[in-house]
Amino acid sequence: MLRGRESLIRLVGKRRRFLPNRETLLSAPVGIGDDGKIVSVENAEADKKLDECEEEREFGNETCHPEELVTCPVCGHEVIGEHNAINSHLDACLSRGTKRKLTQQTLLQSNFWSQSKIQASSLELEQLENSVCDTGPDDRCVRNAVHGLLEFSATKENDIDLCGSSLKLESVVQTYKDGPSENPINDDKINYSLDTTQLLSPKNEVLKGDRDVTIDDISGATLETFIVGRRFSDEKELHLGASISLLRDPDNDKDPNAIKVISADTGCGKMLGFLPRELAQYLSPLIEKFCLSFEGCVSSVPKNPFDYVPIQIVCHKSILRGEKEYEVVEAFKCLWKNAKSVVESSKDCPPSMTKYQQNFCLLIHEVLRSNPHLFTDDEKNFMESFTSLSNDSQRLFVRLYLRKGPWFRMSHISYSEVLDPQEAVKGLSATGYICSVEDTDGLHDNDIKEMLNLLTVSELRDILGKLKNCNHGTRKKNLIESLLSSYEDGLCPSLPSGILDKTGACIRISSKAESLIWRAEKLFFLNSEQDLSAFLLVDLGIVKYPTYNCIISEQIFSGRDDLLAYEEAIEVAQLMDQALDGNDVELVLKCIKIADFRISLSPTKAIKSSTSESVATFLSRFSALWVYSKVVSLGVSFLERERRYKDAINLLKWLLTCFTCDGRRGYWTLRLSINLEHIGCPNESLAVAEDGLQDPWVRAGSRMALQRRILRLGKPPRRWKTPSFSASIKRKITEVHVQGRPLNCEMGMKNRFYGEDGEQCGVEQLALQYYAGEGGGWQGVHTESGIWLTIFGLLMWDIIFSDVPNVFRTKFQTAPLDLENDSFYPARKSCIESHLQNIHSGMAEGILIMSWESHVGTACRGVNWTRHSLTELRAAVTCVGGPCLASLCRHLAQDYRSWSSGMPDLLLWRFHGEYRGEAKLVEVKGPRDQLSEQQRAWLLFLMDCGFNTEVCKVSPLPMSA
């Protein structure tokens with residue numbers, strides 16, 4: 001796989017079915033100018049004037065004012081606000097056949113004036129922050145990025161423990177300038193709140209109206225809730241006003257806190273269902289420990305006998321068994337307040353919603369609440385209209401959105417929770433969430449290609465059977481290609497009607513809905529690797545995310561234009577990924593040119609600000625420039641594979657010129673030096689390598705590789721003086737040679753040997769057997785970087801998830817946003833150094849044990865809970881020793897990105913007594929294997945830290961043996 005391809009795949013994530021800018025991107029003519037740079041034909045003149053304007057402002061000439069720049073309503077580029085320039089630019093845009101056709105009237109209505117949208121958005125955001133965050137010099141604007149999230153999908157652990165130790169309970173205080181907004185979705189303001197405790201645990205909130213509640217006040221209190229689990233009930237028919245009572249069910253296999261709802265009208269006391277799990281976890285201890293009893297009635301009867309049944313329950317008495325100690329009273333009050341909190345939250349999200357439906361509505365609600373400045377009024381109204389749809393319509397849309405699509409047969413849509421699919425489709429069609437096709441009038445050529453995938457092989461053959469002289473083929477892919485070819489050649493004009501005859505009415509999600517929901521997902525999760533399935537993993541208890549505070553004082557996207565530019569860049573990245581999959585060289589080169597051109601269009605100030613060494617530089621990954629740089633960097637790998645070294649060199653020089661503060665500069669510099677040598681320029685290659693060593697962003701393996709290139713290329717007569725680093729990198733690394741019976745030692749295949757027990761094994765397992773026996777009686781594991789990242793995560797857990805502004809923004813993060821950035825260490829320097837001092841002085845094992853017991857199973861970047869046991873980790877920490885561990889943790893904290901890979905294969909240890917031991921780190925190499933530059937850099941660093949390191953080389957036994 002090309003270097004950078006995997007990273008691009010993670011960036012793109014699940015491919016979008018609809019790319020709104022695809023036609024514009026691919027139709028824009030991009031060529032090579034006289035200076036070798038890529039230029040756009042229709043925008044070259046306007047861009048030249050724009051550059052001149054920027055230069056004049058840079059040197060203090062105010063004759064060209066920034067407000068004279070206008071944004072083209074067709075392509076979105078900024079042009080000079082002069083009549084001639086505007087007319088010329090519009091003529092060029094409209095002559096390209098852009099999808100959006102503008103008439104004179106629509107041009108007059110398109111806000112085509114001099115104040116840029118970026119300036120307007122920035123001004124609005126500044127006024128918004130001033131009006132909302134009115135804090136003192138010692139205060140911070142703190143916002144819970146997922147406020148209300150756990151009210152809808154509360155986790156099931158630790159709730160009773162929190163209430164049981166009521167003395168430790170802390171309240172969450174929310175402060176607004178003018179009080180909380182009644183409708184946070186419709187309000188254009190960003191709601192901030194001060195949170196001094198557990199922002200991600202709304203279950204522990206103490207409601208203001210309940211702070212002074214007493215035990216005597218509970219008697220007669222009414223709670224409105226629901227009966228769930230009606231499928232397991234003994235009585236299917238219910239009547240309005242039917243009397244009910246509650247009964248604990250401690251032997252329930254699914255939930256030890258389960259509470260049955262019993263019919264009180266009949267003497268047999270038939271079971272009607274259960275209370276919701278979220279409410280039962282608080283009421284069950286109240287019933288058992290405090291002898292609360294509840295009775296009530298059915299307040300509404302649903303149409304479907306298996307739907308949730310609204311009920312009212314009343315607490316008739318409360319008995320504390322004579323105990324009224326402070327802790328007991330506080331625990332009682334805590335449980336009651338949390339129960340009322342669950343009841344209140346269920347009013348906003350009724351249990352009639354399915355879990356995935358709740359999660360989807362929550363995602364939309366949170367995104368609109370947190371980022372109102374990134375959506376137009378029309379977009380906000382469109383997304384808000386989703387909550388007004390019927391349950392069937394909402395459920396059907398979410399189901400379709402999660403499927404591959406894009407087209408779906410109406411006859412094949414069947415979900416048990418969607419009672420009336422036809423009515424659901426009508427509701428979605430009326431609001432513009434889906435498009436339906438029942439005849440050929442609404443079909444386009446691209447739709448025909450996509451709808452052919454709905455047909456089975458037999459249906460495709462039926463259509464092909466009506467054609468003469470047509471090669472049918474046997475596979476579905478071949479059949480579709482044959483039909484499309486016949487249709488394009490005019491041999492099968494009735495193909496659209498033939499498809500609809502087979503499929504019947506078809507539907508698909510509208511492009512508007514898909515684009516907006518895709519945007520909402522990206523704003524909610526802040527990456528492309530997570531989607532709505534992340535909610536499911538939490539609900540099922542498969543993934544448990546850590547607890548941290550979201551302290552937000554800076555928006556990721558300051559304005560809508562920044563977001564749209566970022567989305568367009570992601571589209572280019574997807575096109576690049578698809579082109580590489582299809583081996584479409586022309587499209588790959590087109591994407592490289594587009595990305596390079598977009599970088600060249602960006603003002604110098606924008607590039608510098610996105611790659612500066614500021615505290616919030618980790619947010620630059622959400623900029624269009626950063627995405628385009630990844631596309632170009634992958635393009636370099638592609639050009640190198642095609643042996644187009646000169647083109648790769650030009651791109652590398654451009655990347656190094658534009659991005660002056662970037663962790664990838666080491667890789668770019670190394671590739672530039674190598675490619676220059678490929679084209680026969682050793683002197684320039686040597687000069688690039690020497691300049692690279694002066695760059696503070698060239699680190700780890702890249703730095704080691706450049707140093708070794710300098711020693712190789714810098715021999716007399718090119719260079720007469722030996723570099724100062726020569727002795728350091730030429731240090732001897734201890735080597736051990738092990739022989740084994742080979743199973744295979746073929747080139748390009750992983751080496752396999754017979755172990756001492758006669759079983760097949762790899763070189764690492766063979767080395768472990770050697771060290772356990774004649775190699776010195778060592779215990780150990782084959783781990784590479786895994787065990788060290790796990791140890792780092794556990795030892796530094798409290799540091800990683802400490803309160804730092806802007807690094808935690810969603811509930812679904814496993815690490816702060818700046819972990820792999822240079823700002824991680826400076827932002828926490830005092831805490832890190834204090835913590836490392838404790839590790840250095842021998843407290844590492846205690847910290848490790850406490851962290852393991854407190855957070856076991858919780859997701860954290862780098863921590864693998866299943867691969868290594870606590871016993872192995874304790875042995876490793878004890879034998880490595882505090883000084884070496886402190887040095888290693890400091891190194892990772894300072895530059896996690898550069899040093900999180902390439903660590904030695906084996907970690908070995910052996911004890912001398914009960915509490916003392918020694919450790920050894922071993923890199924294992926098979927026949928013909930060599931150390932990578934990253935591995936060599938790690939070994940030399942570990943030697944400097946005092947680690948015992950060596951290289952174990954495994955070779956096959958001589959034939960005579």
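Rings of Phe, Tyr and Trp pair if their centres lie within 6.5 Å. In this predicted model, Phe360, Phe382, Phe386, Phe397, Tyr401 and Tyr433 form one aromatic cluster. The structure as a whole holds 31 aromatic pairs.

Two of these pairs are described here in turn. A pair of aromatic rings is described by the distance of the centres and the angle of the planes. For tyrosine 548 and phenylalanine 801, the ring centres are 6.2 Å apart and the planes stand at 10°. Planes under 30 degrees apart count as stacked. The pair of tyrosine 548 and phenylalanine 801 is therefore stacked. Buried means under 20% relative accessible area. Tyrosine 548 has a value of 2%, so it is buried. Phenylalanine 801 has a value of 8%, so it is buried.

Tryptophan 899 and phenylalanine 941 form a tilted aromatic pair. Their centres are 5.9 Å apart, and the angle between the planes is 40°. Here too, distant parts of the chain are linked. Tryptophan 899 is in helix α37 (residues 896-899), and phenylalanine 941 is in helix α38 (residues 933-945). The two residues are 42 residues apart. Both tryptophan 899 and phenylalanine 941 are buried.

Aromatic rings also meet charged side chains. Arginine 3 lies over the face of tyrosine 667, at 4.1 Å from the ring centre. Arginine 16 places its charged end over the ring of tryptophan 518, 3.9 Å from the centre of that ring.

A nonpolar patch occurs on the surface. Its members are Leu536, Leu537, Leu540 and Ile542. Together they have about 380 Å² of accessible area. Leucine 536 is placed in helix α20. Its relative accessible area is 46%, so leucine 536 is partly exposed.

Serine 851 is found in helix α34 (residues 829-855). Its relative accessibility is 6%, so serine 851 counts as buried. With neighbours within four places in sequence left aside, serine 851 is in contact with Leu794, Trp797 and Val856.

Definitions and conventions
Residues numbered from 1 in each chain as written. Predicted model: local features only at pLDDT ≥ 70, side-chain atom pairs only at ≥ 80, totals over all residues. Heavy atoms only, no water. Phe/Tyr/Trp six-rings, centres within 6.5 Å; stacked < 30°, edge-to-face > 60°. Buried < 20%, exposed > 50% of the residue type's maximum accessible area, 1.4 Å probe, protein only. Helix = DSSP H or I, 4+ residues; strand = E, 2+ residues; numbered from the N terminus. Lys NZ or Arg CZ within 6 Å of the ring centre and 35° of its normal. Patch = residues over 30% accessible without salt bridge, like charges linked within 9 Å, V, L, I, M, F, W, Y side chains within 5 Å. Areas by Shrake-Rupley, 256 points an atom, 1.4 Å probe, with all protein chains shown as cover. Salt bridge = Lys/Arg side-chain N within 4 Å of Asp/Glu carboxyl O. Contact = heavy atoms within 4.5 Å.
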